[in-house]
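Please open the model in your viewer and keep the sequence beside it. The stops below can be selected one after another.

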Amino acid sequence: MSAYLRMGELGQCLDIFQFGPDIMATVWVLFIFLNFDLLLKTGQCTETSGQVLSITPNSQEQVEILKNVSIHYQTVLWQPVSSDYIKEQTQVHLYVPANSSQTVNDLLHRHSITYEVMLSNADEIIEMQMRNDSTDPRSGVTFYQRYHTLEDIYDWINRTAKDYPDTVKVILVGSSHEKRPLYALKLSLNSRPNKKAMWIDCGIHAREWISPAFCLFFVHYSLVFYNQNQAMTQILDNMDVYVLPVMNPDGYKYTWTNDRMWRKNRFPKKGTPCIGVDLNRNFDANWCTRGASDYPCSEIYCGAFPESEPESQAVANFLRSHKDSIQIYLSIHSYSQMLLMPYSCTMDEAENHSELYEMVKQAAENIRRYYRNIYTYGPGAKTIYLAPGGSDDWAHMLGIKYSFTFELQDRGRYGFLLPPSHIQGACNEALTAVKTIALKVMEKSQASTSSRQTV
């Protein structure tokens, strides 16, 4: 059949042959079974799904309409993160839930706002990614090509420490608002004196699932490929590495149980219906200036004061107590494929801007060379927009001069719903950037040491 028969037309056809009731019932069942997929595709008898739209406003009027749409109708802005950043000729990625889909589409059509449907089946993708077919971490690499619940990640942390007792130490950095532990793993392959260290945190924003996936991948890769991969061996011989797989455990848990699009932590603001602080606006780096919000319901709410949240305070305290040994700070995010350096909290350049720029440029070039994928790079404020209160800027101001934020895959095709089949590719690209920067920092440190010894 080139098109499905309408029910009435089929009934007329069957009446001609005057089949008995049993045969008629069988034919109807077969008809519905054979045409079910087609019925869905044609919009008849179909269940709608959440969609992700790509919209580029062409006038200030369209900008205002989009701002209104992004605040109402239960929609969620993916890009930019706040309606404050919506402007003419700048692409907007908007998640529209199924129950608002028709209303939003009609509104856009009424105002002649064109859009592209990037994902027509967002709900199905979410459901598929939540089918947790986890296997034991020791059973093979497929574990690192899936997303995992918070409970799975805690279990993985315990198993990894048990499997590598001489190499991996679990550190309780602090706890979340809902009293979930913030566990970091310390990878230390030898006991050389005066070793420097690198810090990597993941999952500061709950919905960015590829971020914790990278932290798990990185630890596994480091342990398995030590003494096999030259660059990794060189890094681990000279540096300890601290890895915090989930900095926002309450929010991450919530994305698995209630709302896949949740971004902030789960701190309830008294006297309001608003929940959550953006942990990456809660550090003391030009805190709550332009690019953050003091409105508790905003996705970029900065909190009551710097380090008001137990998660950001715990990380800040740990970094403060280890600032003499930690040379590199890395915070892993998604999406948009960017390698960012300070500053995001001001348009001013960092004092070691040239050094940092050289590193992210080389990292982006290496990713392009090995994986044929393009990453944008530069200072956060100039590359994306002002974002005060970020952890990387704060770490840099603390004295950790090599501080960066990585935005992993992709550029918007799947956004926060990056398929599991893309995890390995995204992690390989991020790993390339980590190796490039760590080796550069070691090279500079060794050159500086040699220079002092010569003098």
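Select helix 13 (residues 391–398) and then what covers its buried residues, which includes helix 10 (310–321), strand 9 (326–334), helix 11 (353–371) and strand 12 (402–408). Helices here are DSSP runs of H or I of at least four residues, strands are DSSP runs of E of at least two, and both are numbered from the N terminus; contact means heavy atoms within 4.5 Å. Because 6 of its 8 residues are buried, helix 13 is largely enclosed by the rest of the structure, where buried means under 20% relative accessible area, exposed over 50% and partly exposed in between, with a 1.4 Å probe and protein chains only. The buried residues are S391, D392, D393, W394, A395 and H396, and the helix is followed by G399, whose phi is positive, near 125°.

This is a predicted model, in which local features need pLDDT of at least 70 and side-chain atom pairs count only at pLDDT 80 or more, while totals for chains, interfaces and linings use all residues. Residues are numbered from 1 along each chain as its sequence is written, and side-chain values use heavy atoms, with hydrogens and water left out.

Next, select S176, in the loop between strand 5 (168–175) and strand 6 (181–187). Is S176 buried or exposed? At 1% relative accessibility, S176 counts as buried. Not counting residues up to four places away in sequence, S176 touches L182, P249, D250, P310 and E311. Its side chain and that of D250 are joined by a polar contact of 2.7 Å, a polar contact being a pair of N or O atoms within 3.5 Å, of which, within protein, one must be able to donate a hydrogen and the other to accept it, while residues adjacent in sequence count only if both atoms are side-chain atoms.

Now select helix 7 (residues 210–225) with helix 8 (residues 230–238), which pack at an angle of about 95° with their axes 9 Å apart; axes are lines fitted to C-alpha atoms, for helices over the stretch in contact, and angles run from 0 to 180 degrees between N-to-C directions. That makes helix 7 roughly perpendicular to helix 8, the class for angles of 65 to 115 degrees. Show F218, Y221, S222 and F225 in helix 7, which meet M232, T233 and L236 in helix 8.

Two cis peptide bonds can be picked out next. One joins Q79 and P80, with omega about -5°, and P80 is in the loop between strand 2 (76–79) and strand 3 (92–96). Another joins P342 and Y343, with omega about 10°, and Y343 lies in the loop between strand 10 (338–341) and helix 11.

Finish with positive phi values in residues other than glycine. Q89, in the loop between strand 2 and strand 3, has phi near 60° and counts as exposed at 54% relative accessibility. S336, in the loop between strand 9 and strand 10, has phi near 135° and counts as buried at 10% relative accessibility.

Technical notes
Angles under 35 degrees count as roughly parallel, over 145 as roughly antiparallel, 65 to 115 as roughly perpendicular and the rest as oblique.
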